[in-house]
Amino acid sequence: MFLKEIINLFKGLFTVFKHLFKRPVTLEYPEKRRCLNDVFRGKPEVQGCIGCGICKKVCPAGAIKFDKDESGKVYNFEFDFKKCIVCGNCSFYCPKGAIKMTKEYELATSDKENLTLKYRGGADD
Amino acid sequence: MTITTLKLNLGPQHPSTHGVLRLLLELDGEKILSCEPDIGYLHRGMEKMAEKLSYIQYLPTVDRIDYLAGFFYSELLCRIVEKALGIEIPEKVRVIRVLLLELNRISSHLLWIGAFLMDLGAVSPFFYAFRDREMILRYFEKLTGQRMMYNYFVFGGVRRDIDFLEEVENIISVVSEKLNDYDKIITENPIFLRRTLNKGILDKETALNYSITGVNLRASGVDFDYRFQDCLYKGFDIGTVVLEKGDAFTRYQARTLEIKESIKIIRQALDYLKKSAKLEQKLVNPVNLKLPEGDYYADIEAPRGLASCFVRSLGEKEPYRLKWRTGSYYSVNLLRKLLVGEFLNDAIAISGSLDIILPEVDK
């Protein structure tokens, strides 16, 4: 019984030993980076917004703000990435595909303003 | 002579309480006289939050109820909405959901194996389990955009068509191969056996009285698996693992065997998806979505037991009340009974073997 236990222990150790010669699965970040797929959800980008406001309605974190002026045509779109939980609802439900999630995920910054996206729309029409 | 007992706090910062569980133990020497679990350190108000958010706003946050098995909870919420609106999801969406749920179950069980062994003092299996789980997470990231907070299921379907099926094949072949390695390292290891065999025996009656579900119940000899009644799994050949003994080792065995069963389900789903045509689905427009007045209820077999969601709607954009039932909550209560009479050093092995995850308990 005792001998069998020792044999089993060494059997396990041998399996562990085999793993010593395998290639590491980790990468030496930040020198090496994994390539990310296109669907990766990182910091968002806005282009071609029509101001429908659907993104604001589907955002769970309240990260999106719309300010319309009196005419109701010119609006300020503000995306606060500090609040964003990167769920991707806004980009999925945007009818024009105006919000895109980029592959950028390193968000440390010394200026808060870098985490706010501003877009002024409707002025040209 | 007076006998004094020692009160000891196990947690909330103890590394093997998996999050922030505090167990107030009363000890006589090394023997546990009573155990009082204290929960709530990770409470985020998931249920109250639902009352302020519309259904589509709430959907991304439910992944966080159990961050190791997020798909199960988004499936539940989607199912509630689909049920309320009377939508039937297309066959392909159903199979995609089954595939992802089972992959998620494997990743959750793999993490449990690693963390459980880490609790018992074995470090290597932790890294092996995480390495294998990483493959699944990378696949999820490729498909959904994130590793753990998927937000991939939407009302009426899924966000995008499934892809990279050859990667899933690779994952299941590697995982089934690696399970043999685990057997060699863990299952036959005499130290592991001595720490888990006959420890924390959970008998049938206690398990049923404490509303235990999932693997813990099946390891105690009760044949209850909600997947058999679940219409999502219709047409799938499901095998279930029912073991008799109910100790910590049996629960370990049941989980490893369940990984094998999940692999079989994934193979069936893969066979279907490879032949299937392009995904066609009709998504619900979530803006201004209102559920008809009434009560709605849905269940699913999550990795840690039966998970359920109850929604009472008054016909508004937000639910009037939303309630989650999670498996771990009941497992935590079981510690009150299971730890009494055991030794302190077995407490970790027993609480670890129940697969408690605290975000799910506190919600």
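How many bridges join β1(B) to strand β2 (residues 22-28) of chain B? Five bridges do, and the two strands run antiparallel. Welcome to a predicted model, in which local features need pLDDT of at least 70, side-chain atom pairs count only at pLDDT 80 or more, and totals for chains, interfaces and linings use all residues. Residues are numbered from 1 along each chain as its sequence is written, while chains are lettered from A and ligands numbered from 1 in the order in which they are written.

**The two chains**

- Chain A has three helices and five strands; here helices (H or I, at least four residues) and strands (E, at least two) are DSSP runs, numbered from the N terminus.
- Read from the N terminus, the elements of chain A follow the order α-β-α-β-β-α-β-β.
- A compact globule of 125 residues would have a radius of gyration near 14 Å, but chain A comes out at 25 Å; this radius is taken over C-alpha atoms, and the globule rule is 2.2 Å times the number of residues to the power 0.38.
- The C-alpha trace of chain A spans about 90 × 30 × 25 Å along its principal axes.
- Chain B holds 13 helices and eight strands.
- For chain B the radius of gyration is 21 Å, which agrees with the value near 21 Å for a compact globule of 363 residues.
- Along its principal axes, the C-alpha trace of chain B covers about 75 × 45 × 35 Å.

**Where the chains meet**

- The contact draws 24 residues from chain A and 23 residues from chain B, with two residues counted as in contact if their C-beta atoms, placed from the backbone, lie within 7 Å.
- On the side of chain A that touches chain B, the elements giving two or more residues are α1 (2-19), α2 (54-58) and α3 (89-93) of chain A.
- Of these, α1(A) gives the most, with seven residues.
- That side of chain A divides into 14 nonpolar, six polar and four charged residues; Ala, Val, Leu, Ile, Met, Phe, Trp, Tyr, Cys and Pro count as nonpolar, Asp, Glu, Lys and Arg as charged, and the others, Gly among them, as polar.

**α1(A) against α6(B)**

- The axes of α1(A) and helix α6 (residues 165-187) of chain B come within 7 Å and cross at roughly 135°; axes are lines fitted to C-alpha atoms, for helices over the stretch in contact, and angles run from 0 to 180 degrees between N-to-C directions.
- That makes α1(A) oblique to α6(B) (angles under 35 degrees count as roughly parallel, over 145 as roughly antiparallel, 65 to 115 as roughly perpendicular and the rest as oblique).
- A:Lys11, A:Gly12, A:Thr15 and A:Val16 in α1(A) meet B:Asp181, B:Lys184 and B:Ile185 in α6(B).
- By class, this contact of α1(A) with α6(B) has two nonpolar, two polar and three charged residues.

**The open sheet of chain B**

- Three strands of chain B form an open sheet in the order β1-β2-β3, with antiparallel pairing; two strands pair if DSSP finds at least two bridges between them.
- β1 (6-10) and β3 (31-38) of chain B stand at the edges, each with a single partner strand, so one side of each has no neighbour in the sheet.
- From one strand to the next, the twist averages 25°.
- B:Lys7 has B:Glu26 in β2(B) as its bridge partner.
- Helix α11 (residues 327-338) of chain B packs on the sheet and touches β2 and β3 of chain B; its direction makes about 155° with that of β3(B).
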